[in-house]
Amino acid sequence: MTQKEQLSIQERKKNLKNRIKKKKISLLRSVKRITMYVALQCAATIPQPGNNLIGSHAATTGKETRTKIMADIYVENKLKDAIAKRKEWLIQDKFFSKIVEYQNIIKSKADSDKKNYIKQNFFDTVYPIGGIPKGSNYCIAAMMRCLYDVNKETGDLESFMPDGNTTEGHSMVSCPMFKEYIKKNFPDCIIENPSKEEISSLENGDFIISRSNGRNTTSGLHFTTVFDAQKGLEASFNSDGIRAFKPEKIESIVKFGKIIDICLQEKVKQMDRNSALMAMESGVMDKKNYQLTAMSFRQTSQNSSDRS
C-alpha cells in the first residue's frame, strides 16, 4: 500500500470520528430539550396562581377570587355610603317630620284637651307603667314619642330605645334619668359641660340638655334637639316650637347621629352584606319633601324661655 493510500484511509477515519462526535452532541441536545419539555408539562399540572394551561383550574380559581374580592369591596363601599344616607334620612325626614307633626297637633288643641292628649300619647305610650300624671312637663317624653314612632316604622333604633315596660322607661320621661341611661349604654355619645368648640360642632339631631330658668321644671333641665345647626335652631316641646338655642345654658350634649351609627351597624351585623345593603337603601329613595308651615317654624322670643 502506497503512502498516499495510507493517508487517504486515515483521513476517512478522522472524518468518521468527527461525524460520530457531532451526532452525539446533537443527540444530547435533543435529549435535554425533551427532558425540559416534560418537566414543564409536569409543572403545569400543579395548581398555582397564574397557571393558564389547559387542564389546570388554578387560573380560574385565582381569577374568581380576585373578582369576589373586588365585588366585596364594592358592596362594602356602597353599604358605608348607604348607612350615611340612611342616618341623614332618619334624622331629617323621619325624626324631624314627627316633631313638626306633634307640635302642630299640640298647638291645635285647647288646654284641657292638650293635657289629656299629652298624657295618653306621650307619657302612657313611651312609659306605660310609669303612671305619669296629667300636666307633667313633657319636653323629653314628646321627643321620645317621635323616636318611638320612627323605630316602630323602621326598626333602626331598636338598639337605642329603652324598654318602656320596665323601670328603664323612666329614662324616656326624665332628663336626669335619660343622661344616666346614655352614660350606661352609650358612654362615648355624651358630652357633659361642653366646650365652646364642642357646642359650635353641634349637628342636626343632636340632643341638647340645658339648664332651665326654674319655671315649669322639676329637674332644672330641659330637653331639645338641634333642628338646624347652621342657624343655631333647636326644636322644643313643653314650650313648643323651633327657636334659637342658648349656648351658655347647654349642660350636656348627646350625639344622636353617633347613636344611630351604632344602631345601624348592629342591625347590619345580623345580615349578609347584600341583604344589609338592601335594608339600608330601603325607603330612603322615597324621601318626603314635607313642608314646614310658618307655625312649625315659629321661633319663640329669646326671652320666652318657658322650659321644663
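**Salt bridges and their surroundings**

Modeller: Across the whole structure, the search finds 20 salt bridges, a salt bridge being a side-chain nitrogen of Lys or Arg within 4 Å of a carboxyl oxygen of Asp or Glu. The model is a predicted one, in which local features need pLDDT of at least 70 and side-chain atom pairs count only at pLDDT 80 or more, while totals for chains, interfaces and linings use all residues. Residues are numbered from 1 along each chain as its sequence is written, and side-chain values use heavy atoms, with hydrogens and water left out.

The setting comes first. The protein has eight helices and six strands; these are DSSP runs, helices being H or I with at least four residues and strands being E with at least two, numbered from the N terminus. Along the sequence their order is α-α-α-α-α-β-α-β-β-β-β-β-α-α. Of the contacts in the protein with a separation of 6 or more, 68% are between residues 24 or more positions apart, where contact means heavy atoms within 4.5 Å. The protein has 308 residues, of which 39% count as buried. Buried means under 20% relative accessible area, exposed over 50%, and partly exposed in between, with a 1.4 Å probe and protein chains only.

Lys 85 and Asp 81 are joined through their side chains, at 3.2 Å from N to O. Because the two are four residues apart in helix α2 (residues 58-107), about one helical turn separates Lys 85 from Asp 81. Both ends are partly exposed: the relative accessible area is 47% for Lys 85 and 39% for Asp 81.

A second pair has another setting. In the salt bridge between Lys 255 and Asp 206, the closest N and O atoms are 2.6 Å apart. This pair links distant parts of the chain, 49 residues apart: Lys 255 is in the loop between β6 (250-254) and α7 (256-268), and Asp 206 is in the loop between α6 (196-200) and β2 (207-211). Lys 255 and Asp 206 are both buried.

Lys 269 counts as exposed, at 62% relative accessibility, whereas Glu 266 counts as partly exposed, at 35%. Elsewhere, salt bridges with shared partners join Lys 179, Glu 180, Lys 183, Glu 192 and Glu 251 into one network.

Met 70 is placed in helix α2 and is exposed, with a relative accessible area of 56%. Ile 69, Met 70 and Ile 73 form a nonpolar surface patch with about 300 Å² of accessible area together. Patches consist of residues with over 30% relative accessible area and no salt bridge; like charges are joined within 9 Å, and nonpolar side chains (Val, Leu, Ile, Met, Phe, Trp, Tyr) within 5 Å. The accessible surface of the whole protein is about 18,400 Å², and 53% of this belongs to carbon and sulfur atoms. Accessible areas come from the Shrake-Rupley method with a 1.4 Å probe, and for residues only the protein chains shown count as cover.

As for the cysteines, the count of disulfides is zero, a disulfide being a pair of cysteine sulfur atoms within 2.5 Å. The closest cysteine sulfur to that of Cys 189 is in Cys 263, 8.9 Å away, which is too far for a bond. Cys 189 counts as buried at 0% relative accessibility, and Cys 146 is buried with a relative accessible area of 0%.
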